[in-house]
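Below are some notes for a colleague who will be working from the coordinates. They take up the contact between the chains, a sheet, a pair of helices and a strand in turn.

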Amino acid sequence: MFMIGPVGFLTPWILWGLAALPVLWFLLRAVPPAPIRRRFPGVALLLGLQDEDAETDRTPWWLLLLRMLAVAAAIIGFAGPVLNPEQKQAGTAPLLVVLDGGWAEARDWARRIERAGLVLDEAGRDGRTVAVIRLTDAPQEVSFRAADDWKGRLAVMEPSPWLPQDPGAWIDHFPAGEFDTLWLSDGLDHEGRAMLAGLFADKGQLTVLTGDGPVLALHPAGFAEGAVLLSASRLDAGGAADIEVTGRGPDPSGVERELARARISFAPGETRAEVKLDLPPELRNRVTRFEIAGLRSAGAVSLTDDSLKRRKVALITAGPQAEGLQLLSPLHYLRQALEPVADLIEAPVTTALPANPDAVILADVARLTASEEAALVEWVEKGGLLLRFAGPRLAASDVSRFEEDPLMPVRLREGGRALGGAMSWGDAKDLAPFPEGSPFFGLALPGDVQVAEQVLAQPDPDLAERTIAALDDGTPLVTRKFMGDGQVVLVHVTANAEWSTLPLSGLFVQMLERLAISTRPSLPGARELAGQIWVPEVMLNAWGEERDAGEVAGVAGEDLAIAMVAGPGPAHPPGLYAGADRRVALNVVSPETRLVAAEWPASARVEGLATPPEQSLMGWLLSAGLVVLLADILASLWLGGRLGGLRRGVAVLAVALVAGLAAPQAQAQVSGETPPAPPEAAQTTDSAPPDTPQPGDDFAIRSTSGVSLAYVKTGDAQIDETSEFGLVGLGDRLWERTSIEPEYPTGIDLEADELAFFPFLYWPVTADAPTPSDAAYAKLNQFLRTGGMILFDTRDANIAAFGGGTPEGQALQRIAAGLDIPALEPVPEDHVLTRTFYLLQSFPGRWAEGTIWVEAAPADAGQEEGVPFRNLNDGVTPVVIGGNDWAAAWATDENGVPLLPVGRGAAGEQQRELAWRFGINLIMHVLTGNYKSDQVHVPALLERLGQ
Amino acid sequence: MSPTLQNEALQSRAEALGQSLPPLLAEAEMLAATLMLGEHGRRRAGSGDEFWQYRAAHQGDPARAIDWRRSARSDGHFIREREWQAAQSVTLWVDPAKSMTFTGGKDRPAKGERARLLALALAVLLLRGGERVGLAGLAQPRSGRSQIVRLAARLAGEPEAGDFGAPETAGMVGHGRAVFVSDFLGPIEPVEAALSRAADRGVRGALCQILDPAEEEFPFDGRVIFESMSGSMRHETQQAGELRSRYLARLAERKDRLSELARLVGWQFSTFHTGAPAQSALLWLYRALEGGR
């Protein structure tokens, strides 16, 4: 196939047609566009005028080019161009298909098998012999056989949940002679892989197919500062990427579900990232596995074991603790030992037990109340671990003296004993090695642990079996008794360093660990694993799915320890292994695992798994030719002056298009040529003399040249118009009847305009009114504090009472939430608003019924003898809230004719008059405050009231 | 030709006329109704119906001219004078040539149609004011309502064969008024000749140029062959757009020439477009005939 770049041609000979284009050029050039005939009376004026440019009887070059393009597109289109045509090349040598077969391939395993199947089919057609090997298998002799032999085996191949252990071991198993190799690689570098690749490259053509998805690995979860530390690695350090990690486990009803979710963000260029996940212990202890969401691969799954679980331990001591005696506190060393690894509950027994602790530690507690004891016994029998420490109180008490206390493993002899003191014969005692069967068996004894004082157990028949640690003279140091599902352990020394140095040693911590009171923060080491057989409980397959382990044989602790470091293999597959008292997770990815990209020999051909599909370009090219022809038609019409009405539309379109294209360029040029201006601008603003005009001066001068009533623009044109004309009408009435002579009202944009210039703000509340921004609220509150008044008008006639269910009422509540509004009350009869100009008792607008609310009178507002009005608050009420749609009643047009009808007939006009009177009173109140509360006017007002 | 055929031809023409006449007439009446100018007084005492002034009786005034009712209120005798209301003869000429049938857009009338409408509306106005109105070469000036129908019938005739018309001065009454409505795009000499003849007879009047907006804007581009309405005159160009400025210059020159000619003989000149409403043109014509400006 004839190829130009990635484009091949099915019938390349048609391309010779391109050679005819120059001929066409000359032919087309000679034919000018046909003239158009027009009747035109003005022709008499045209006679004798000559064309300035006589050359235009030839077709213009760009029109020719357009036509050439159309023809060229057609020619190329018919030559059958194909993008990314499938290249087939047949070899003759035997073909070796290599699969890595590890978990990293699990994600697109089906595609790999499909691809390998295609290769096998092709090899079968070509008569090549084939061998398929999987590097995770143990090395075996490779023999080339017919392709059909392999197809069945290929179909049932599955990836392993581990990576190839030692690809280099295969190197001796290949037959002599040339063969080609197709390596379906997971993209990771394995030990010995480079050697193998070198061999394949020597033997013949090596083709490597790598997956195109990212290879991700989730490391086992650890602890860091009380939070779960999740970390993940990726193969290629590309740009920033986020992955989601979910923690799954059984919920309280036992159904497995997602319990936690965290986002791990890879920084650009980093291959490893981590995130801390702070989980409540209840939830954290439930998590059984973490996995990268949406990735089906064993590498994306990390099983959790006991190392992630933190036990709840209740620490209980007797009596109040003296301040300042930290080191003597019976709990100090316990607290130090347990705090990093367990969740501590320090509370009385009755409070601690409902928190369901895993262990309860009683440090030198002798007496328990009957109810406490009953509760503890019940709790231990259900599986609790009760750890008791001896101490002076226990030694001095009668607990478990004659009868064995249910909560003591042994009976105690009176008083205990002291060793190695000034008044005693013997020296302080060392510890004896831990007997087999003791939970402490295997722990190394440090030489410096000595016991100076202890309580002694009565030599009862079962003392020996209850002793799990003893001194070198055989006296029990730790005794244990099983009770129900739980156990009671007594340490015969104190939990502080008073009686022994045990709490000071590392052994103390290890013993606590062995008692499963505390848990390890890190992976178990070889020493902890050694000596036990670990039986798999749960196993993972390559896709990260959990499988029941069934009857799989256990693994020796030593082998498991090696696998923990080296990663799982066929002998110890990944999963959850259970020992005597704890469970250990062997994960596919260890904390140290690093993903290293494979490098291939120079002669190898590396391809993606997916092949770009063939795409025929014929249709595209022919369509392009057609489009160009259409453009040619338009251009020819335009040249002939026949576009007529179309011309203007096309011109507008073209101008818009050019403007749209040119604008960003122009901006870029401007920004490129001129240095950033804002700092200079800021400087000039700062240094400008105060008498130069500033932006906004116009607004300020206009607003302050007289009293200006203002309304809040709602964005609804009709409401804004009503507000404007309402304030115009009110202003006219004020002008006519009072000495207040307001200017034309101002519409206020709360976000942009300054409020300080206005005494009064009319705010019609609409249901969809936006909540003001913080800056606007700051301005509004300042406005209210400095004596401004807002008249809120919900315009809904208060049908559902104040704050009620109308949408406007709800909008008002929403808006007013951010305002500094004092306590409100309905207008009292003696409010100053009722008499600032007119004597009023109702405040109708377009509606007459609604209550209106003003700032509440102070509680101590008293009524003096003989005065009809209380001495009410001193200032202006900052808000008046109502729903009577006052602006609609006030509104008059420019001729002074009311804009909207109010009520019906004369009663309506009366209501409108009252509305105006209310408005006048309101503005008077705003501007004069409580002037009319003044006592001076009382007699006159009384007189008028009497009439 | 046999009489039957003649009758039939006459009949069909009469029918065509009957169809076209009423709409034109109605339109003209409507247009005229937009101008309510009142009676057409001479602003001086004379014979008429309207009261002009009282003046003291002189020697020689007939006794029956004395207004006794006025005189009884004072010692002297008074004569009641009436305003002089004299009818004038106005001769209209509407260009009947083919160039007037042009229209540059479907949404506007042909120039000739607008010209006839203007002329007829003016006639309605003038006749209502008591003037005598005639058509140059077609109808003698007469007054009265019936003259409107006569004028309408004459105006609705077929266009002439020629591309451009020459103003007709036949039938013009001396010291009367005349109105020429045309596009004045043809040769200028006939216009000059007509104006000088009119000036000789003491006729004053107005030149009303009716143009289509296309003729003012010249919205053409590309390769075009321009033809006159009858096809007798043609001009070919490759780049019509480039001719625009020169065409507009010539048009402006033509208007200047016409304006100059009109000024010389004491006439009025103005240009109106078919794209604009006719009222302004009618008002201007009426004012121009009033003699003022």
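Predicted model: local features only at pLDDT ≥ 70, side-chain atom pairs only at ≥ 80, totals over all residues.

1. The contact between the chains. Chain A contributes 23 residues to the contact and chain B contributes 32 residues. On the side of chain A that touches chain B, the elements giving two or more residues are strand 3 and helix 2 (43-46) of chain A. Sorted by class, this side of chain A holds 12 nonpolar, 4 polar and 7 charged residues.

2. Strand 3 of chain A and strand 8 of chain B run parallel and are joined by 4 bridges, with I36(A) standing opposite V224(B) of strand 8 of chain B. Strand 8 (residues 224-227) of chain B pairs with strand 9 of chain B in the antiparallel sense, over 4 bridges, and here F226(B) has H235(B) of strand 9 of chain B as its bridge partner.

3. A helix pair in chain B. How do helix 3 and helix 8 of chain B pack? Helix 3 (residues 111-128) and helix 8 (residues 279-290) of chain B have axes 10 Å apart and pack at an angle of about 50°, and the two helices are therefore oblique to each other. Helix 3 of chain B passes helix 8 of chain B in a right-handed crossing. The contact is made by L118(B), A121(B), L122(B) and L125(B) of helix 3 of chain B, together with A281(B), L282(B), L285(B) and Y286(B) of helix 8 of chain B; by class, the residues of this contact are 8 nonpolar, no polar and no charged.

4. A buried strand in chain A. Strand 21 (residues 385-389) of chain A has 5 of its 5 residues buried, so this strand is largely enclosed by the rest of the structure. Both of its faces are covered, with L385(A), L387(A) and F389(A) buried on one side and L386(A) and R388(A) buried on the other. Strand 20 (residues 359-363) of chain A runs parallel to strand 21 of chain A and is joined to it by 5 bridges; R388(A), one of the buried residues, is the bridge partner of L362(A).

Terms used. Residues numbered from 1 in each chain as written. Chains lettered and ligands numbered in written order. Pairing = 2+ DSSP bridges. Contact = placed C-beta atoms within 7 Å. Nonpolar A, V, L, I, M, F, W, Y, C, P; charged D, E, K, R; others polar. Axes fitted to C-alpha atoms, helices over the stretch in contact; angles between N-to-C directions. Parallel < 35°, antiparallel > 145°, perpendicular 65-115°, else oblique. Left-handed = near helix turned anticlockwise from the far one by under 90°. Buried ≥ 20, exposed ≤ 12 C-beta atoms within 10 Å, placed from the backbone.
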